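Please look over the fold below with the sequence at hand.

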Amino acid sequence: MKILVAEDDMNIRLGLVDLLEAEGYECVEATDGEAALVQYHATQPDLVLLDIMMPKQDGYSVCRQIRQHNQQIPVIFITAKSEEIDQVVGLELGADDYIKKPFGTREVIARIRAVARRALSNPSARETEQTGHDGQFTMADLEVHPAELRALRDGKVIELSPRDLKILQLLHRERGKVVDRDALFNHCWGRDYMPSSRTLDQHISKLRKAIETDPRNPQIISTVHGLGYRFDG
């Protein structure tokens, strides 16, 4: 999933990009309103984070022009302003949510996940063919719902990051086969990512804690020592 981050404050922008990329999102950056529109049309992101107070064009103007082109793409405003009138104006322009400065990492991820589910509501044709009509698939007793960035077990909701979802989709597609570490890195982190075994192992460990009934005896993500991981199906 690709996110356009339009923010003129370099520290905030880079912090957001680092946070989002760690969660598995692909990011495109813009430092002002005009650059945001150029990047929007050039890269066709799935979600837009817009600072309100930017040079050249403010976030309201950018949002208005994006909405003229696309009514469905989620837009989240980043703002240091807390006045109710600013929020009303933003919502009238079609913003889906607000993130107020200063913000915490958990809040950012939670808000993005909430509105990102709209952007993930149209699975690819290939994925639809291999799974259900909405991309849903099952791993053991776990129901995975890609369009919602969630999994379900016995009615309990488990939140997933985009990278979690990519890992599960790959293992499900290759069920019964060993997926080696390089394949996981290339598919779930990108070919330009410098691989680290510790990075992969830590992420798999965290994912197991979320989705396995007993993480010490995993039934969904099995380790194949020296090679990679496997879902036996």
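The model is predicted: local features need pLDDT of at least 70, side-chain atom pairs count only at pLDDT 80 or more, and totals for chains, interfaces and linings use all residues. Residues are numbered from 1 along each chain as its sequence is written, and side-chain values use heavy atoms, with hydrogens and water left out.

**The four-stranded sheet**

Helices (H or I, at least four residues) and strands (E, at least two) are DSSP runs, numbered from the N terminus. Two strands pair if DSSP finds at least two bridges between them. Four strands make an open sheet in the order β6-β7-β8-β9, and the pairing is antiparallel.

β6 and β7 (residues 142-145) run antiparallel and are joined by three bridges. In this pair, threonine 138 stands opposite glutamate 143 of β7. Helix α7 (residues 162-173) packs on the sheet and touches β6 and β7. Contact here means heavy atoms within 4.5 Å. The direction of α7 makes about 80° with that of β6. Axes are lines fitted to C-alpha atoms, for helices over the stretch in contact, and angles run from 0 to 180 degrees between N-to-C directions.

β8 (residues 150-153) and β9 are antiparallel too, with four bridges between them. Arginine 150 faces glutamate 159 in β9. The two strands β8 and β9 form a hairpin with two residues between them. In that turn, aspartate 154 has a positive phi of about 50°.

**The three-stranded sheet**

Another open sheet has three strands in the order β10-β12-β11, with antiparallel pairing. Its edge strands are β10 (179-180) and β11 (222-224), and each pairs on one side only. Two bridges link β10 to β12 (residues 228-230) in the antiparallel sense. Aspartate 180 has glycine 228 in β12 as its bridge partner.

**Two helix pairs**

Two packed helices are described by the angle between their axes and the distance between the axes. The table gives these values.

| Pair | Angle | Axis distance |
|---|---|---|
| α2 (residues 33-43) and α3 (residues 59-69) | about 20° | 10 Å |
| α7 and α8 (residues 181-188) | about 130° | 10 Å |

Angles under 35 degrees count as roughly parallel, over 145 as roughly antiparallel, 65 to 115 as roughly perpendicular and the rest as oblique. α2 and α3 are therefore roughly parallel to each other. A crossing is left-handed if the near helix is turned anticlockwise from the far one by less than a right angle, and right-handed if clockwise. The crossing of α2 past α3 is right-handed.

Which residues of α2 and α3 meet? Gly33, Ala36, Leu37, Tyr40 and His41 come from α2, and Val62, Gln65, Ile66 and His69 from α3. By class, this contact of α2 with α3 holds five nonpolar, four polar and no charged residues. Ala, Val, Leu, Ile, Met, Phe, Trp, Tyr, Cys and Pro count as nonpolar, Asp, Glu, Lys and Arg as charged, and the others, Gly among them, as polar.

α7 and α8 are oblique to each other. α7 passes α8 in a right-handed crossing. On the α7 side, the contact uses Arg163, Lys166, Ile167, Leu170 and Arg173. On the α8 side are Ala183, Leu184, His187 and Cys188. The contact of α7 with α8 divides into five nonpolar, one polar and three charged residues.

**Local details**

Threonine 43 lies in α2. Its side chain reaches the backbone oxygen of glutamine 39 at 2.6 Å. Leaving aside neighbours within four places in sequence, threonine 43 is in contact with Lys2 and Val28.

Glutamine 44 sits in the loop between α2 and β3 (47-51). Its phi is near 50°, a positive value in a residue other than glycine.

Is the peptide bond from lysine 101 to proline 102 cis or trans? It is cis, with omega near -10°. Proline 102 belongs to the loop between β5 (97-100) and α5 (105-119).

Technical notes. Polar contact = N/O pair within 3.5 Å; in protein donor to acceptor, adjacent residues only side chain to side chain.
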